[in-house]
Amino acid sequence: MHELSVAQDMVALIEAQLLAQGDHRVKVTGVHLRIGPLAGVVPQALRFAYDASVAGTNLAGSTLKIEEVAPTVYCGACDREQFLASISRLRCPVCDAATPEIVHGRELEVVSVEVVDV
Amino acid sequence: MSDAATTPRIVQVRQQILKKNDVLARDLRERYREAGVFVVSLVSSPGSGKTTLLRDTLKRLISTYKVAALVGDLATENDAKKLAESGAPVRQIVTGTVCHLEAEMVEQSFTVAGWSLADLDFLFIENVGNLVCPASYDLGEDLRVVLLSTTEGEDKPLKYPTIFNTADMAIITKVDIADAVGFDRATALASIESVRPGLPVLELSSKSGAGMDRWMDLLQSRCAAKRSMSQPTLTA
């Protein structure tokens, strides 16, 4: 639903970043995103929105790779990070303590882009 | 052109996509802080009792505080009319097809209304009835409250973890008919605790008034706390 505007914001971020790095004379051939389950973005919906959003930009025709982030919490009792099976139950899988502190799972991150010089 | 020039290379970015909304929400948060206004947003599914609770909240606050409210709906001004029964300034945001409020809509609304944030103690924002999309849209509020009524089913939080996870507190509404609908309070509280351990929960009924005093106390103390944090510290 709002994945279209997220995709547009992503394009703007990438273009700004490439400009800042002095890389604006490139064509983007791939985008690597990390999306966590608490980011409020559905990866499939973002895929749908992607092609429409990159049309007419120098990301047109690029491949989108989405890495879905496994939710990770910090367990104070175990004093370590633990992977969670689901965000519906924020309890340590080892000792069952409540684990409200989310270390990974909210990501909506552009990890990297693949470019070719033009 | 040589092969080297057309060989793809990886450019690290490692940046969170900060949506335009999030940037504006940050600005609004700062404006609210400078103006000393305590901003509360209400989210829930349609029919949980947001408007009734807000109307009664406004009625109880208006004799002592300067309050105003914004309410979002796809269509009609019905909620604004109901909230206006409190005597507080109210504005309806008609979103058309948009299923959630965004920071820009909020800013436009109070700006067009000509409200001076510095003159307000409380600004309430009632979101469009929707447990999904509002989770992704920061409105710059100080307190985001998710409502769950006793008629909705105890596993609602498990079905909508993101909105419960991103709220600052939950209110269980319509406790006056809990028995009539067979509401399982322990299971509901356990569901909330499961998706967001430690989320503060209030239980109340706008209709009977049960729990409303605690809600008022919470609002007033949070508002006072925000104010005292913004006071410049005096040095001897």
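Tutor: B:Lys156 is buried, with a relative accessible area of 13% (buried means under 20%, exposed over 50% and partly exposed in between, with a 1.4 Å probe and protein chains only). B:Lys156 forms a salt bridge with B:Glu152, the closest N and O atoms being 2.6 Å apart (a salt bridge is a side-chain nitrogen of Lys or Arg within 4 Å of a carboxyl oxygen of Asp or Glu), and B:Glu152 is likewise buried, at 18%. Elsewhere, salt bridges that share partners join A:Arg34, A:Glu67 and A:Glu109 into one network.

The model is predicted, so local features need pLDDT of at least 70 and side-chain atom pairs count only at pLDDT 80 or more, while totals for chains, interfaces and linings use all residues. Side-chain values use heavy atoms, without hydrogens or water; residues are numbered from 1 along each chain as its sequence is written, and chains are lettered from A and ligands numbered from 1 in the order in which they are written.

A:Arg34 belongs to strand 1 (residues 26–35) and A:Glu109 to strand 6 (residues 108–117) of chain A, so the pair ties together parts that are 75 residues apart in sequence (strands, E, of at least two residues, and helices, H or I, of at least four, are DSSP runs numbered from the N terminus). Both A:Arg34 and A:Glu109 are buried.

In chain B, B:Lys226 pairs with B:Asp142 in a salt bridge with its closest N and O atoms 2.8 Å apart. B:Lys226 sits in helix 9 (residues 212–230) and B:Asp142 in the loop between strand 5 (122–126) and strand 6 (143–149) of chain B, so the two tie together parts that are 84 residues apart in sequence. B:Lys226 is buried, its relative accessible area being 10%. Over all chains, the count comes to 18 salt bridges.

As for the setting of the pair in chain A, that chain has two helices and six strands, which run α-β-α-β-β-β-β-β from the N terminus on. The radius of gyration of chain A (over C-alpha atoms) is 17 Å, well over the 13 Å that the globule rule (2.2 Å times the number of residues to the power 0.38) gives for 118 residues, so chain A is more spread out than a compact globule. The C-alpha atoms of chain A fill a box of roughly 55 × 30 × 15 Å, taken along the principal axes, and buried residues make up 47% of its 118 residues.
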